[in-house]
Amino acid sequence: MIPMKKPVNRVKRKENLAGWAFIAPTMIAFLILTALPFFIALFLSFAQVSYFKGWDTLKIVGFQNFIDIFQDKNFVTSLGNTFVYVVTIVPLSIILSLVFAYCMNGRIYGKKFLRMAFFIPYISSIVAVGTVFKFLFREDGIINNILINLHILSQPIKWAMDPRFSKVPIILLSVWASIGYQLILFTAAMQNVPVSLYEAAKLDGAGSFRQFWSITLPMISPTIFYLLITRTMAVFKIFGSVNVFTMGTAINSNRSVVLEIYTTAFSKYEFGPASAMSMVLFAIIMVVTGINFFGQKKWVHY
């Protein structure tokens, strides 16, 4: 006697329940820690409320918070600083990690050690890395001593306080801390490029640069695009590097948007304007990401 099979619908129902059970913890965490705070911030961006007097003081003010923050010189300056961070940190980190990955993808001594050395800053605490850079860029620090001994400078620079140079340590810190992760991804992408393509290019007389430009770059373009998107989002939200390096003494020339949001919300307790700043930053990230996704059709090869 052949045993009867369970109904297909019952099997699918059990599989669906098992699937929902697996994703339920992540979905609950997302709803509580991401979605709910987002909608609260969206609501508060159109309202004003006193932290000390409670929700009884809640008042809907429409777009007044958005008008006020764009009249705030500190916010406008921090927004400009953030764009400077994006257009410097993102291309620098991607280009440097791409160059290092290409070099280490060939025959080089100590390849595994170098990969580990580059990756350590990425997994290290931003507090520890920021403290190291703060020591390096002190007025009597190593960087100033080297530049003075090389006769590039005649007197030390106050890196953290001089508006002309205050962004430089933060940019270098952010680039250095992110190279390791990007290098690993680029290395993996380059190792997946078929060797036959390089062999065919060599038979056609293509040199190393031509092979890199015509074969390597197009083949790893999805990885470049992924890192472009993720790094752009991350740098727009830059906070740790600025806060740790300046130790709460950030000046207008190096203050980022997220640091301005943090200061407005948790130092001034102005949650309405802080929420409006968050929504503006969210909108900018969405627009820039949309532009990148639209433009990738012309240069990303899948």
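Modeller: Phe 75, with neighbours within four places in sequence left aside, is in contact with Ile 69, Phe 70, Val 257, Glu 260, Met 277 and Val 280. The model is a predicted one. Phe 75 belongs to helix α3, and its relative accessible area is 0%; the cut-off for buried is under 20%, so Phe 75 counts as buried. A separation of 181 residues in sequence lies between Phe 75 and Ser 256, yet their C-alpha atoms are 8.6 Å apart in space.

The helix that carries Phe 75 covers residues 73-104. Its 32 residues should span 46 Å at 1.5 Å a residue, and because the end C-alpha atoms are 46 Å apart, the model agrees with that expectation. The N-terminal end of α3 is capped by Asp 72, with a side-chain oxygen 3.1 Å from the backbone nitrogen of Asn 74.

Among the contacts of Phe 75 are Val 257 and Glu 260, and α12 runs over residues 257-266. The loop between α11 (240-246) and α12 holds Ser 253. Ser 253 has a relative accessibility of 12% and therefore counts as buried, the limit being under 20%. Its side chain makes a polar contact of 2.6 Å with the side chain of Ser 166. Outside the four places on either side in sequence, Ser 253 is in contact with Asn 81, Pro 163, Ser 166 and Lys 167.

Tyr 269 is partly exposed, at a relative accessible area of 30%. Its phi is near 60 degrees, a positive value in a residue other than glycine.

Met 277 and Val 280, also in contact with Phe 75, bring in α13, which covers residues 271-295. This helix takes part in the largest pocket, whose lining draws at least two residues from each of α1 (8-44), α12 and α13. The largest share of that lining, 8 residues, is supplied by α13. The volume of the largest pocket is about 640 Å³. Of its 21 lining residues, Pro 37, Phe 38, Ala 41, Ser 278 and Met 279 lie nearest the centre. By class, the lining has 17 nonpolar, 3 polar and 1 charged residues.

His 151 is in the loop between α6 (142-149) and α7 (167-191). A relative accessible area of 71% is over the 50% limit, so His 151 counts as exposed. Phi of His 151 is near 60 degrees, again positive in a residue other than glycine. His 151 and Val 49 are 102 residues apart in sequence, and their C-alpha atoms are 56 Å apart in space.

Definitions and conventions:
Residues numbered from 1 in each chain as written. Predicted model: local features only at pLDDT ≥ 70, side-chain atom pairs only at ≥ 80, totals over all residues. Heavy atoms only, no water. Helix = DSSP H or I, 4+ residues; strand = E, 2+ residues; numbered from the N terminus. Buried < 20%, exposed > 50% of the residue type's maximum accessible area, 1.4 Å probe, protein only. Expected span 1.5 Å × (residues − 1). Polar contact = N/O pair within 3.5 Å; in protein donor to acceptor, adjacent residues only side chain to side chain. 1 Å grid on protein atoms, 1.4 Å probe; cavity = no way out; pocket = protein on both sides within 12 Å on 5 of 7 lines; lining within 4 Å. Points joined across faces, edges and corners; volume = space filled by probe spheres on them. Nonpolar A, V, L, I, M, F, W, Y, C, P; charged D, E, K, R; others polar. Contact = heavy atoms within 4.5 Å.
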